[in-house]
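Colleague: I have a model open and I'd like to learn how to read it. Can you take me through it feature by feature?

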Amino acid sequence: MAANPRGKAETLARRRRLLSSSCRLFFPEDPIKIVRGQGQYVYDEQGTEYIDCINNVAHVGHCHPLVVQAAHEQNQVLNTNSRYLHDNIVDYAQRLSETLPEKLCVFYFLNSGSEANDLALRLARQYTGHWDVVVLDHAYHGHLSSLIDISPYKFRNLDGQKEWVHVAPLPDTYRGPYREDHPSPAEAYASELKRVVSSAREQGRKIAAFFAESLPSVGGQVIPPAGFFPEVAEYIRRAGGVFVADEIQVGFGRVGKHFWAFQLQGKDFVPDIVTMGKSIGNGHPVACVATTQAVARAFEATGVEYFNTFGGNPVSCAVGLAVLDVLEKEQLQAHAAHVGSFLMELLGQQKAKHPIIGDIRLKDNYVLLSTDGPGRNVLKFKPPMCFSLDNAQQVVGKLDAILTDMEEKVRSCETLRPQP
């Protein structure tokens, strides 16, 4: 760190001059200049502490000492590409395999979630010999051109929907057409997807894959009804396609009950391909694709090697192994279940107390929180896994104060409104 770091205004001015305006900041009206992170906290240049409820990338906590140490120690010895035989990549693949169903036993290592989903698309097309993709509405799967094409969240604002992309309704039991009071929402939403697949096939289209985040995030933190994925997988496989579970935002114990979010759909459900990123490296650029022997063999049959310059390098794999070690040693999956249940209880109390929804800016209360969903009206909690019970109470307390203040202002406006 520089002895005399620049002030926020100067850094912001340089950024505006040197970076594209499409590279946006959080809180653009008054950006925070973050200079340090530790655990679930980040600090600005003035030393002000913020609870980080945005950063699911720093999965086991910002600058976790064991992760930092693993990267540093391996960097001092060797960092090179995966064409050389090395223990780390093999050990890391073995450790990941122990968290997954036995069928998912072949691994490819990359640098980002976008790279992982792009490779998953290539694998699916090579294995099936088909081209088309089915996705859920409002989905986002990455920033590469191939993935923008299968991300309604993005393509609707760009070139529109390609003829080989087929969009099924988001299985939202809160605001969607089939809600919690429906006798079988999973079956109903799966039937909608079946109609999409049938329509595509009637037009002569051939389905290569169904892509879905195991818990759709950009779509509004949606929890698909139990049983939805197994039914969808049956329809997709019957059409000759494969099921791709995108775990980039939600994997590695974040859901608490299971290590992988797709496991919420039942112990017998196994995707054909699983993609990983973000939290896998705790901020270090690591990503992975896990798939079956059958899919991998079809890819190998082309005779074209798969090589990624930095994917699976010794440092990245050392970091990945350290993240798995911390998750186990600190029992962060169980911690997520405990704190998550407590947070849901607190938020349930707020739901009963406050009938309004508004534009909530917790940043001014030293809590960093984002919004998501088609209407940008869903508060998105995705803190590091070390987020505590005290943090939950603090965040919900500030949310309560903000909502109470907003309600009072609404009542004041109604009082001042001229009566007819």
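Colleague: Where is the place of Pro 5, relative to helix H1?

Modeller: Pro 5 sits in the segment before helix H1 (8–18). Helices (H or I, at least four residues) and strands (E, at least two) are DSSP runs, numbered from the N terminus. This is a predicted model, where local features need pLDDT of at least 70, side-chain atom pairs count only at pLDDT 80 or more, and totals for chains, interfaces and linings use all residues. Residues are numbered from 1 along each chain as its sequence is written, and side-chain values use heavy atoms, with hydrogens and water left out.

Colleague: Is Pro 5 buried or exposed?

Modeller: Buried means under 20% relative accessible area, exposed over 50%, and partly exposed in between (1.4 Å probe, protein chains only). Pro 5 has 53%, so that residue is exposed. In space, Pro 5 is 8.4 Å from Glu 45, C-alpha to C-alpha, although 40 residues separate them in sequence.

Colleague: On to sheets. What order do the four strands of the open sheet take?

Modeller: Two strands pair if DSSP finds at least two bridges between them. Here the order is E1-E2-E3-E11, with mixed pairing. Strand E1 (34–38) and strand E11 (367–368) are the edges, each pairing on one side only. Inside that sheet, strand E2 (residues 41–44) and strand E3 (residues 49–52) are antiparallel, with three bridges. Tyr 41 stands opposite Ile 51 of E3.

Colleague: And which residues cover the two faces of strand E9?

Modeller: In a regular strand the side chains alternate between the two faces of the sheet. For strand E9 (residues 273–276), Ile 273 and Thr 275 lie on one side, Val 274 and Met 276 on the other, and all are buried. E9 runs parallel to strand E8 (residues 242–246), joined by three bridges, and Ala 245 is opposite Val 274. E9 also pairs with strand E10 (residues 287–291), in the antiparallel sense over four bridges; there Thr 275 has Val 289 as its bridge partner.

Colleague: How many aromatic pairs does a search of the whole structure find?

Modeller: Rings of Phe, Tyr and Trp (its six-membered ring) pair if their centres lie within 6.5 Å; planes under 30 degrees apart count as stacked, over 60 as edge-to-face and the rest as tilted. The search finds 17. One of them is Phe 26 with Phe 27, a tilted pair at 6.2 Å centre to centre and 45° between the planes. Another, Phe 243 with Phe 269, is edge-to-face, at 5.0 Å and 75°. That pair links distant parts of the chain, with Phe 243 in strand E8 and Phe 269, 26 residues away, in the loop between E8 and E9. Phe 243 is buried at 0% relative accessible area, and Phe 269 is buried at 5%.

Colleague: How many disulfides does the count come to?

Modeller: A disulfide is a covalent bond between the sulfur atoms of two cysteines. The rule is a pair of cysteine sulfur atoms within 2.5 Å, and the count here is zero. For Cys 317, the nearest cysteine sulfur is that of Cys 288, 8.9 Å away. Cys 317 is buried, with a relative accessible area of 1%.
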